[in-house]
Amino acid sequence: MENLLHVTPSHVSLPNSYAVPQLPQAKATPTDISLPVIDLSRSRDEVCRAILDAGKEFGFFQVINHGIPEQVLQDMESVSEEFFQLPAADKAHFYSEDTNRPNRLFSGSTYKTSKRLYWMDCLRLARTFPGSDCKKEWPEKPEELRNVFENYTALMRGLGMEMLHMLCQSLGLPSDYFDEDQSAGDMILSVIRYPPCPTPDVTLGLPPHCDRNLITLVLSGSVPGLQVFYKGCDQWDHKER
C-alpha cells in the first residue's frame, strides 16, 4: 500500500525506478496530422467507411455523438476521483501486486515485466459478460461506485459492440462476426490516476504499448499527454482530450 503514489501528499523527488532513459518524443512533421473524429450520428454507411479508414490509417480514433449521456461520463469521473480521495485505510484491503487477481488497486506497472515503474496508480476491475454480478467484488466505497461503474461498463460495452458490428460490415463480414465467444468473458475497466510528478520530463505515466484485447475505449480525463504511434515510424502524435 505504501507504493501507491496518490496517498503521499506531495513528492519532492523522483525515485530512480521511475526514470525512463530514452523517452519517446513527439516529432514535428512537414504536414499537420489530425487524428480522425467520427460522428456516430451520420449515416451507417458513412460511419462504417470512416471506422475502416481510421482503423487502417491510425488504429485509433475519437467518436462523438455516441449516445452515452454526458451525465454518465461525469458520474464516472466524479466517483473515480472520490475513490482515490478516500483515506488510505478504506482501500488498503483492495491493494494487491498479484497480477492474477482480477480486481485490485496497484501502482507503477500493470504486468511487472521489468523493474521499471511508471507514474500511475490504477484501480483495475473485471466485469464478465454475459450476466454475472461481478460488482460484489468491487470496492464498497464510495457508496455509489458500484452502481455508477456497472451502468458505465454496460453502456460502453454496448458502444464497443456496435462499433465492432460496423467494422465487420465495412469489411464485408457478418455484423455479428465478433459476437459470442470472441467478445464474451471479462471486460476490463482500468481507472488510472496520474498524480502530480516532481520531474515529469524524465518519466512516463504508461509505457509505449499495444493493447492486446479486441477493442479499447478510452474516456480521457483532465491530464493531457495521450500519444498515438503513427505508421510504424518513430513518431508519436498527441491527442490531448
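This short talk walks through one predicted protein model, from its overall layout to a few local features.

Let me begin with the conventions: residues are numbered from 1 along each chain as its sequence is written, and side-chain values use heavy atoms, with hydrogens and water left out.

On confidence, then, where pLDDT is the predictor's confidence in each residue, from 0 to 100, the protein chain averages 85, and 85% of the residues score at least 70. Over residues 234-241 the pLDDT is below 50, although this stretch has 34 contacts in the model beyond near neighbours in sequence, a contact meaning heavy atoms within 4.5 Å.

Turning to the layout, the protein chain has 3 helices and 7 strands, and by these I mean DSSP runs, numbered from the N terminus, with helices being H or I of at least four residues and strands being E of at least two. Along the sequence the pattern reads β-α-β-α-β-β-α-β-β-β. Among contacts in the protein chain with a separation of 6 or more, 67% are between residues 24 or more positions apart. Of the 241 residues, 35% count as buried, with buried meaning under 20% relative accessible area, exposed over 50%, and partly exposed in between, for a 1.4 Å probe and protein chains only.

Next, please find strands E3, residues 104-107, and E4, residues 121-129, which run antiparallel and are joined by 4 bridges; two strands pair if DSSP finds at least two bridges between them. The charged end of Arg 104 sits over the ring of Phe 106, 4.0 Å from its centre, where the criterion is NZ of Lys or CZ of Arg within 6 Å of the ring centre and within 35 degrees of the ring normal. Arg 101 likewise lies over the face of Phe 94, at 5.5 Å from the ring centre. As for E4, 8 of its 9 residues are buried, leaving the strand mostly covered.

How many aromatic pairs does the count come to? It comes to 4, taking rings of Phe, Tyr and Trp (its six-membered ring) whose centres lie within 6.5 Å, with planes under 30 degrees apart called stacked, over 60 edge-to-face and the rest tilted. One of these is edge-to-face because the rings of Tyr 18 and Trp 119 have their planes at 75°, with centres 5.1 Å apart. Tyr 18 lies in the segment before strand E1 (37-39) and Trp 119 in the loop between E3 and E4, so the pair ties together parts that are 101 residues apart in sequence. Both Tyr 18 and Trp 119 are buried. The rings of Tyr 177 and Phe 178 have centres 5.2 Å apart and planes at 85°, so this pair is edge-to-face too; here Tyr 177 is partly exposed at 41% relative accessibility, whereas Phe 178 is buried at 15%.

Now for the backbone, where most residues other than glycine have a negative phi, and most peptide bonds are trans. Asn 65, in the loop between strand E2 (62-64) and H2, has a positive phi near 50°. A cis peptide bond joins Lys 141 and Pro 142, with omega about -5°, and Pro 142 is in the loop between E4 and helix H3 (145-170). Leu 86, in the loop between helix H2 (70-85) and E3, touches Lys 91, Lys 141 and Pro 142, not counting residues up to four places away in sequence. Leu 86 and Pro 142 are 56 residues apart in sequence, yet 7.9 Å apart C-alpha to C-alpha, and Leu 86 is buried at 17% relative accessibility.

Finally, the cysteines: a search of the whole structure finds 0 disulfides, each defined as a pair of cysteine sulfur atoms within 2.5 Å. Cys 197 is partly exposed at 22% relative accessibility, while Cys 210 is exposed at 76%.

Key
Predicted model: local features only at pLDDT ≥ 70, side-chain atom pairs only at ≥ 80, totals over all residues.
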